[in-house]
Amino acid sequence: MTTALWLLMVFSLCGASVPFLVVEPEDTVVTPVGHFRSATLQCESSCQDGMSVMTSWHKDGVAIEMASVPSYNTSNSLLVITTTETNDYGGILEGMYYCVVSNNLGTVRSRNALVRSECSNDMTL
């Protein structure tokens, strides 16, 4: 029996699996909330065996630093993006976002989600 076949059998028997996406982020428009501008994206994943997964978010191909401006916060499967740049009208939040989920067995990347400002005329959903 080859090693690859044996590993496949072990993973099948143990129930270990590569994560898969249940909900992928969707295109959205930045909304004003008082003096703030915000957008929320969702990326929900799962594994057949309940194995924990790690989620990372990317904007325009670059991993997002959670302690940056604009403010990025994650809660469960949500990414909430907020800025107080009232004269920016949400433009600082605009871009292509996606999530990457991984565990010890593999990695899955979501579709791109376009985040645009309600004042932006050059980008379409």
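In the predicted model, Pro25 is buried, with a relative accessibility of 0%. Because buried residues are those under 20% relative accessible area, this value places Pro25 in that class. The residue belongs to the loop that joins β1 (20-23) to β2 (28-33). Once residues up to four places away in sequence are set aside, Pro25 touches Leu41, Gln42, Cys43, Trp57, Cys99, Ser110, Arg111 and Ala113. One of these, Ala113, is 88 residues from Pro25 along the chain, yet the two C-alpha atoms are separated by 5.7 Å.

The loop between β1 and β2 also contains Asp27, which forms a salt bridge with Arg111. The closest N and O atoms of Arg111 and Asp27 are 3.8 Å apart. Arg111 is located in the loop between β10 (106-109) and β11 (113-117), so that the pair links distant parts of the chain, 84 residues apart. Arg111 is partly exposed at 38% relative accessibility, and Asp27 is likewise partly exposed, its relative accessible area being 32%. A search of the whole structure returns one salt bridge. Arg111 is also among the residues that Pro25 touches.

Aromatic pairs, by contrast, number zero in the structure. Tyr98 is in turn one of the residues in contact with His58.

His58 is part of strand β5, which spans residues 54-59. With 13% relative accessibility, His58 counts as buried. Its side chain makes a polar contact with the side chain of Ser56, at a distance of 3.3 Å. Leaving aside neighbours within four places in sequence, the contacts of His58 are with Ala63, Ile64, Met96, Tyr97, Tyr98 and Val100. Asp60 is situated in the loop between β5 and β6 (62-63). The phi angle of Asp60 is near 50°, a positive value in a residue other than glycine.

Beyond residues up to four places away in sequence, Ser45 touches Phe20, Leu21, Val22, Val53, Thr55 and Val101.

Over the protein chain as a whole, the secondary structure consists of one helix and eleven strands. Read from the N terminus, the order of elements is α-β-β-β-β-β-β-β-β-β-β-β. The accessible surface of the protein chain amounts to about 7,500 Å². Carbon and sulfur atoms account for 54% of this surface.

Methods: Residues numbered from 1 in each chain as written. Predicted model: local features only at pLDDT ≥ 70, side-chain atom pairs only at ≥ 80, totals over all residues. Heavy atoms only, no water. Helix = DSSP H or I, 4+ residues; strand = E, 2+ residues; numbered from the N terminus. Buried < 20%, exposed > 50% of the residue type's maximum accessible area, 1.4 Å probe, protein only. Polar contact = N/O pair within 3.5 Å; in protein donor to acceptor, adjacent residues only side chain to side chain. Contact = heavy atoms within 4.5 Å. Phe/Tyr/Trp six-rings, centres within 6.5 Å; stacked < 30°, edge-to-face > 60°. Areas by Shrake-Rupley, 256 points an atom, 1.4 Å probe, with all protein chains shown as cover. Salt bridge = Lys/Arg side-chain N within 4 Å of Asp/Glu carboxyl O.
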